[in-house]
Amino acid sequence: MSATLLDRPPLAPTHDVFHVDRVLRPATPGPPRAHKIIAVLPAYNAERTLAATIADFPPGSVDDILLVDDGSTDRTVAIAREMGLSVIVHPKNRGYGGNQKTCYQYCLDNGADVVVMIHPDYQYDARAIPHAVGIIELGICDVILGNRVRSRPEALACGMPWWKYISNRALTMFENVALGQNLGEFHSGFRVYRRRVLETVPFLRNSDDFVFDTQFLIQAIHFGFRLGDIPVPVRYFDEASSINFRRSTKYGLETVETVARYWLHRAGLWRSHLFKPNG
Ligand SMILES: Nc1nc2c(ncn2[C@@H]2O[C@H](COP(=O)(O)OP(=O)(O)OP(=O)(O)O)[C@@H](O)[C@H]2O)c(=O)[nH]1
Ligand SMILES: [Mg+2]
């Protein structure tokens with residue numbers, strides 16, 4: 001196992017609030033970019049981890065950062081506004097999938113060429129953003145996922161609970177075999193998409209719950225997009241992990257159901273609206 005990974009600075013999920021211009025418009029700008037990159041943060045009670053998540057964005061790595069708040073009861077919206085983020089508020093909780101629908105609609109409406117989705121819970125290492133975007137820009141993949149499970153010792157040493165590790169591995173193995181892929185995991189909250197993926201995948205038809213993520217990836221596979229991943233070491237602490245055993249089990253069963261719907265659709269036995277083209 002890499003010593004440098006575990007020798008990283010101590011986990012500091014909180015961070016002083018700062019203005020987002022520090023990230024969007026750094027004092028020494030890099031060379032002009034050919035693509036517009038929008039980062040989206042689907043947020044729910046993220047007041048403690050929001051600033052820390054954005055502080056790790058490499059300066060100049062994105063052109064806009066949108067936070068969609070899903071009826072948080074804490075100061076998420078106040079902090080996001082203080083930081084100068086683009087903010088959309090759902091007055092009522094619509095769910096994690098409902099949140100992402102608003103995120104991606106914003107990206108399409110605002111001319112994004114590449115979209116970065118990252119949970120604002122400081123679980124994923126945002127320093128990897130330009131690397132994930134770079135693989136998309138090279139044309140190697142259309143979707144890049146941050147893989148939290150580069151190896152078992154590393155995932156467990158970084159705090160992933162053993163039952164989440166086992167269920168993640170089991171579901172991922174099943175999905176890889178059933179879908180002809182070779183991903184490290186399908187359940188990441190760090191994803192980068194080419195615009196064409198968002199234009200093609202009929203994501204507005206998806207669930208408003210957590211299974212949205214699975215449905216989206218299987219739709220992307222169905223429409224012929226190339227999925228890949230990069231290692232993004234995970235960080236586990238209370239604020240980074242709110243999904244309990246019951247909700248995780250529901251998510252797992254709905255994932256298996258989505259794979260079954262995909263196969264039934266492809267076999268022509270039961271057409272699913274999830275896999276019909278937009279329009
Ligand atoms: N919109 C919405 N988002 C939620 C809700 N519950 C959790 N979230 C968000 O969903 C994201 C994922 O939740 P987590 O608990 O971190 O789940 P996870 O990352 O899949 O699972 P872990 O491996 O345990 O971290 C986080 O950014 C949460 O803020 C909810 O009820 N509505
Ligand atoms: Mg998490």
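**A friendly note on this fold**

1. Just after helix H11, Gly268 takes a positive phi of about 75 degrees. Helices here are DSSP runs of H or I with at least four residues, strands are E runs of at least two, and both are numbered from the N terminus. Please keep in mind that this is a predicted model, where local features need pLDDT of at least 70, side-chain atom pairs count only at pLDDT 80 or more, and totals for chains, interfaces and linings use all residues. Residues are numbered from 1 along each chain as its sequence is written, while chains are lettered from A and ligands numbered from 1 in the order in which they are written.

2. Now to H11 itself, residues 245-266.

3. Which residues of H11 are buried? They include Thr255, Thr258 and Tyr262. Buried means that 20 or more other C-beta atoms, placed from the backbone, lie within 10 Å of the residue's own; exposed means 12 or fewer, and partly exposed is in between. Seen down the axis of H11, the buried residues fall within an arc of 65 degrees, so they line one face of the helix. The arc is that of the directions from the helix axis to the C-beta atoms. On the other side, Phe245, Arg246, Thr249 and Leu253 are exposed.

4. The cover over the buried residues of H11 includes helix H8 (162-179) and H10. Within H10 (residues 212-222) you will find Leu217, which is buried because 25 other C-beta atoms lie within 10 Å. Leaving aside neighbours within four places in sequence, Leu217 is in contact (C-beta atoms, placed from the backbone, within 7 Å) with Phe186 and Leu227.

5. Next, look at the sheet. It is open, with 7 strands in the order E3-E2-E1-E4-E6-E5-E7 and mixed pairing. Two strands pair if DSSP finds at least two bridges between them. Strands E3 (86-90) and E7 (227-231) stand at the edges with a single partner strand each, so one side of each has no neighbour in the sheet.

6. Ile144 has Val192 in E6 as its bridge partner.

Note on methods:
Two residues are in contact if their C-beta atoms, placed from the backbone, lie within 7 Å. The expected span of a helix is 1.5 Å times one less than its number of residues.
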